[in-house]
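Please look over the sequence and the structure shown here before reading the report that follows.

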Amino acid sequence: MQEKWWHNAVVYQVYPKSFMDSNGDGIGDLPGITSKLDYLAKLGITAIWLSPVYDSPMDDNGYDIADYQAIAAIFGTMEDMDQLIAEAKKRDIRIIMDLVVNHTSDEHAWFVEACENPDSPERDYYIWRDEPNDLDSIFSGSAWEYDEKSGQYYLHFFSKKQPDLNWENEKLRQKIYEMMNFWIDKGIGGFRMDVIDMIGKIPDEKVVNNGPMLHPYLKEMNQATFGDKELLTVGETWGATPEIAKLYSNPERHELSMVFQFEHSLLDNEPGKEKWDLKPLDVSELKAVLSKWQTELGNEGWNSLFWNNHDLPRIVSRWGNDKEYRVRSAKAFAILLHMMKGTPYIYQGEELGLTNTPVSSIEELDDIESINMYHDRIERGFSVESIMESLNAKGRDNARRPIPWTAEANGGFTTGTPWLALNPNYKEINVEAELQNPDSVFHTYRKLIQLRKDHPIVVWGDYELLETNSNVFAYYRTLGEERWLTVVNLSDSEEEISVDARFNKVLVANTEDEITDLHAYKLSPWQAFVVELSGN
Ligand code: TEU
Ligand code: CA
């Protein structure tokens with residue numbers, strides 16, 4: 001595969017509402033992000049995925065866009081956006097924009113015109129039916145909403161204020177490509193594409209993901225916009241398998257650079273049920289899924305690597321131990337993921353080992369998905385206790401608490417009142433403390449990012465899983481004569497590993513435990529290390 005800049009990039013995701021507030025209104029904004037670029041440069045990341053900052057009524061915190069070429073006032077101005085791109089460029093950091101084109105806001109001019117003037121061309125930019133079918137919205141309830149004025153129903157797979165776009169309409173597709181080129185001309189580094197595998201949907205046949213026209217549309221988009229411009233494009237594809245991922249990311253197919261696959265993110269759901277129906281993680285299943293993705297793309301595709309994003313709970317609370325082993329387990333998950341093959345994504349706060357923020361009442365939550373689920377399950381007779389347990393484990397607000405920069409009031413995030421309360425543990429866990437402590441989670445992430453920059457084996461080495469006890473996840477990376485071994489104990493208990501190999505040096509570790517001989521080596525709880533093996 002021809003080497004591209006994103007093959008050894010490390011991407012940092014910023015959720016603008018919760019990153020840094022620059023004007024005291026309690027809401028993060030663009031000048032706030034620009035003011036923290038030196039912090040991100042110190043971490044060593046090479047690109048920022050910026051969650052939506054476009055004009056929006058914020059029904060889904062910006063994933064409901066009213067104007068793709070205007071900045072939401074709460075986040076700043078287009079000048080602030082241009083400055084962020086320019087200041088980032090000075091630090092060799094590229095800005096990846098969030099492309100949300102499966103749906104718009106119902107306050108987008110297109111939808112307003114479509115409702116006010118049913119004979120307008122904009123009407124067919126959306127999906128209307130005289131009768132709804134039983135498709136459900138991902139945010140609970142029916143996926144169809146009745147429009148009094150026209151006596152028809154429109155499709156919305158997310159909230160009622162997020163009507164789905166009709167990609168079968170060529171004029172609409174051209175308008176989207178024009179909008180993408182508007183941003184490309186501003187010097188951005190690429191696009192993260194929201195629920196992109198839904199744009200080929202056929203609602204009447206209840207085909208949602210991976211519709212027949214999906215890939216033809218992506219080829220057309222590629223040719224009309226980013227195709228020949230060395231831009232990173234990553235698709236959010238909840239329905240992807242390794243075979244499907246190759247269709248997107250095989251360079252010969254001229255579609256995308258890579259996709260976010262979520263198979264590992266469904267391992268603590270009861271099979272076939274919703275994410276709220278909890279099941280403990282079985283580490284063997286995690287090893288199987290990640291190893292499949294590490295080996296089955298071969299040279300015909302490229303992986304993304306992530307534990308967290310703005311929709312997922314914090315990994316150290318989800319699958320780690322966010323109490324006595326918070327730092328060690330946070331580092332264990334970082335080492336496990338960052339030594340794998342693919343482009344790593346760090347979600348804001350992950351580099352600090354931030355934890356989930358449990359709440360005792362729905363009033364303390366903001367996320368539309370969580371609030372809709374709460375009322376839906378109350379109606380379906382679920383107990384408040386069971387619902388709150390699900391929300392505290394999987395709710396999206398766990399990811400969206402403002403970033404704690406210091407131990408000062410409101411973590412130094414704002415001089416005002418934060419739009420969403422910080423996790424009360426910000427006095428202990430914050431950027432200032434992490435920077436001052438050379439053994440912090442932050443410095444482990446910095447070291448892992450540097451290893452990827454300095455050693456091609458991390459980017460191109462072949463992956464091979466080792467047979468180990470179930471709670472131990474260990475694998476080789478091999479490039480030519482060079483061989484690295486990563487070993488991680490994903491449990492609160494001691495474990496043992498036995499590897500018939502000698503090693504030259506320890507490249508990174510999360511404990512002071514001496515690593516001598518790997519024969520019958522005792523691993524302490526959550527112990528993790530990477531060693532460079534000596535000649536076979
Ligand atoms: O997410 C798609 C999606 O299905 C998840 O939002 C949803 O939370 C699912 O239950 C995950 O468990 C994308 C964006 O990432 C998300 O923030 C938006 O809310 C959604 O699309 C609609 O734009
Ligand atoms: Ca602000």
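## Ligand 1 and its surroundings

A polar contact is a pair of N or O atoms within 3.5 Å. With that cut-off in mind, and remembering that this is a predicted model, one can turn to E369, which has a polar side-chain atom 2.6 Å from an oxygen atom of ligand 1. H310 likewise places a polar side-chain atom 2.8 Å from an oxygen atom of this ligand, and for K275 the distance between an N or O atom of the side chain and an oxygen atom of ligand 1 is 3.0 Å. On its own, ligand 1 has 480 Å² of accessible area, of which the protein covers 94%.

Ligand 1 is surrounded by 17 residues, and the closest of these are D60, D194, H310, D311 and E369.

## The calcium ion

Which residues supply the protein donors of the calcium ion (ligand 2)? They are D21, N23, D25, I27 and D29, whose donor atoms lie 2.2 to 2.4 Å from the ion. I27 contributes its O atom and N23 its OD1 atom, while D21, D25 and D29 are each listed with OD. Along the sequence, these donor residues follow the spacing D-x1-N-x1-D-x1-I-x1-D.

Is D29 buried or exposed? Buried means under 20% relative accessible area, and D29 counts as buried because its relative accessibility is 2%. D25, by contrast, is partly exposed, with a relative accessible area of 35%.

## Helix 7

Helix 7, which spans residues 242–249, is largely enclosed by the rest of the structure, because six of its eight residues are buried. Those buried residues are P242, I244, A245, K246, Y248 and S249.

What covers the buried residues of helix 7? The cover includes helix 6 (214–224), strand 11 (258–260) and helix 8 (283–296).

## I449 in helix 14

I449 belongs to helix 14, a helix made up of residues 441–454, and with a relative accessibility of 1% this residue counts as buried. When its neighbours within four places in sequence are left aside, I449 is in contact with V10, L43, G44, I45 and I346.

A further distance can be given for I449 and N303, which are 146 residues apart in sequence and, from C-alpha to C-alpha, 17 Å apart in space.

Conventions. Residues are numbered from 1 along each chain as its sequence is written. Chains are lettered from A and ligands numbered from 1 in the order in which they are written. This is a predicted model: local features need pLDDT of at least 70, side-chain atom pairs count only at pLDDT 80 or more; totals for chains, interfaces and linings use all residues. Side-chain values use heavy atoms; hydrogens and water are left out. Donors are N, O and S atoms within 2.8 Å of the metal (3.2 Å for Na, K and Ca); water is not among the atoms, so sites may look incomplete. Buried means under 20% relative accessible area, exposed over 50%, partly exposed in between (1.4 Å probe, protein chains only). Helices (H or I, at least four residues) and strands (E, at least two) are DSSP runs, numbered from the N terminus. Contact means heavy atoms within 4.5 Å. A residue is near a molecule or strand if one of its heavy atoms lies within 4 Å of it. A polar contact is a pair of N or O atoms within 3.5 Å; within protein, one must be able to donate a hydrogen and the other to accept it, and residues adjacent in sequence count only if both atoms are side-chain atoms. Accessible areas come from the Shrake-Rupley method with a 1.4 Å probe; for residues, only the protein chains shown count as cover.
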